[in-house]
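The following note sets out points on the structure shown below, in numbered paragraphs.

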Amino acid sequence: MTGIIWLASYPKSGNTWLRAFLANYLSQSTKAVPINDLPKFILGDNLALHYAQFTGREVDDMSAEEIARLRPQIHEWFARSRQEDVFVKTHNAVALADGVPLITPQATAGAVYAVRNPLDVAVSFAHHYQIDYERAVESLGREDYRLPAANGLLPQYLGSWSRHVASWTQSQGLTLQVVRYEDLIRDPVKSFTKVIKFLGLPVNKQRLRMAVKFSSFKELSKQERSSAFVESRPDGKTAFFRQGEVGAWREALDEGQIARLVSDHRAAMTAMGYLDGEGRLVL
């Protein structure tokens, strides 16, 4: 049975890198897939245009309750759109919004969940959304946090970083592959090989190494500079592909911000390997 393979993550955790890799692997092209062509390979669950296409009505004319009622139908539509599994990006948690699941179980075949150290997420989150570090740290800890509708996107229901991680990694009955951003940095070939095997795709080493090259931070940032990535901030105040580093939090966050993130997310950070059994940061 085919269905949706969710490419899920909290924002700024490697979702675009994951999508770019898969697009390049699936395309089998001898040149990099343009970053603005990613929607040809991976759909987005928060794009208002899908709801408009499905209903013939503009989302601006719909209430939050109407959008919620439509969500399972949109997901089923995605799942039936191809003869094979359909990749769909999401930043939503596995939760309810207006009483309706954000992730429709009946349409779901599995998920790849990208996770990143919340200390680095907070830094990248602050730059992307043009807020200070203190507000970013606070946002990651809010159980009711969501990204508002903007620029053709529906609201995205995140919750706290910890809640988001737990909602995906502890979801009953979900076939799941977790991939850590830090492991992608250290050994992208090994990490992406695990993803390919999980998806049941044939492992072709030459294709895989080419896809890793074509989805590298250097390549993606070069494309953003030359062709204006559609997912970048409309005001252009910061690059979408800004640094892509591990450990930027050491220079950016103060002791109080680090302590709060560790306190807020101790259990999830330990489960994901960012804290050891004594509660110390694994650097």
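1. The model is predicted. Among contacts in the chain between residues at least 6 apart in sequence, 70% link residues at least 24 apart.

2. Overall dimensions. The chain contains 13 helices and nine strands. Its radius of gyration is 18 Å, close to the 19 Å that the globule rule gives for 283 residues, so the chain is as compact as a globular protein of that length. Taken along the principal axes, the C-alpha atoms fill a box of roughly 50 × 45 × 40 Å.

3. Burial and surface. Of the 283 residues in the chain, 49% are buried.

4. Aromatic pairs: the stacked case. A pair of aromatic rings is described by the distance of the centres and the angle of the planes. The count of aromatic pairs in this model is 10. One of them joins Trp77 and Phe78, which are stacked with 6.1 Å centre to centre and 20 degrees between the planes. The angle qualifies as stacked because the planes are under 30 degrees apart. The two partners can be set side by side in terms of accessibility: Trp77 is partly exposed at 28% relative accessibility, whereas Phe78 is buried at 3%.

5. Aromatic pairs: the tilted case. Phe125 and Tyr129 form a tilted pair, with 4.6 Å centre to centre and 50 degrees between the planes. Both residues belong to helix α4 (residues 118–129), where they are four residues apart, about one turn of the helix. Phe125 is buried, with a relative accessible area of 0%. Tyr129, at 28% relative accessibility, counts as partly exposed.

6. Aromatic cluster and charges over rings. Which residues are linked into a cluster by ring pairs? They are Trp17, Phe21, Tyr25, Tyr181 and Phe192. The charged end of Arg116 sits over the ring of Tyr181, at 4.1 Å from its centre. Arg207 lies over the face of Tyr25, with a distance of 4.1 Å from the ring centre.

7. Salt bridges. The model has seven salt bridges. Among them, Asp276 pairs with Arg280, with the closest N and O atoms 2.9 Å apart. Here Asp276 is partly exposed at 23% relative accessibility, while Arg280 is exposed, with a relative accessible area of 52%. Arg57 forms a salt bridge with Glu66, and their closest N and O atoms are 3.3 Å apart. Arg57 is partly exposed at 35%, and Glu66 is partly exposed at 23%. The side chains of Lys40 and Asp37 meet at 3.6 Å, N to O. Lys40 has a relative accessible area of 59% and is exposed; Asp37 has 23% and is partly exposed.

8. Salt-bridge network. Beyond the individual pairs described above, Arg180, Asp183 and Arg186 are linked in a network of salt bridges.

9. Positive phi at Gln130. Most residues other than glycine have a negative phi, and most peptide bonds are trans. Against that background, Gln130 has a positive phi of about 55 degrees although it is not a glycine. Gln130 is placed in the loop between α4 and α5 (133–140). At 39% relative accessibility, Gln130 counts as partly exposed.

10. The loop between β7 and β8. Where is Asn151 found? Asn151 is in the loop between β7 and β8, and its phi is near 50 degrees, a positive value in a residue other than glycine. Asn151 is exposed, with a relative accessible area of 65%. Ala150 also has its place in the loop between β7 (146–147) and β8 (156–157). The relative accessible area of Ala150 is 36%, so this residue is partly exposed. The C-alpha atoms of Ala150 and Pro39 are separated by 18 Å, the two residues being 111 residues apart along the chain.

Notes. Residues are numbered from 1 along each chain as its sequence is written. This is a predicted model: local features need pLDDT of at least 70, side-chain atom pairs count only at pLDDT 80 or more; totals for chains, interfaces and linings use all residues. Side-chain values use heavy atoms; hydrogens and water are left out. Rings of Phe, Tyr and Trp (its six-membered ring) pair if their centres lie within 6.5 Å; planes under 30 degrees apart count as stacked, over 60 as edge-to-face and the rest as tilted. Buried means under 20% relative accessible area, exposed over 50%, partly exposed in between (1.4 Å probe, protein chains only). Helices (H or I, at least four residues) and strands (E, at least two) are DSSP runs, numbered from the N terminus. A charge sits over a ring if NZ of Lys or CZ of Arg is within 6 Å of the ring centre and within 35 degrees of the ring normal. The radius of gyration is taken over C-alpha atoms; the globule rule is 2.2 Å times the number of residues to the power 0.38. Contact means heavy atoms within 4.5 Å. A salt bridge is a side-chain nitrogen of Lys or Arg within 4 Å of a carboxyl oxygen of Asp or Glu.
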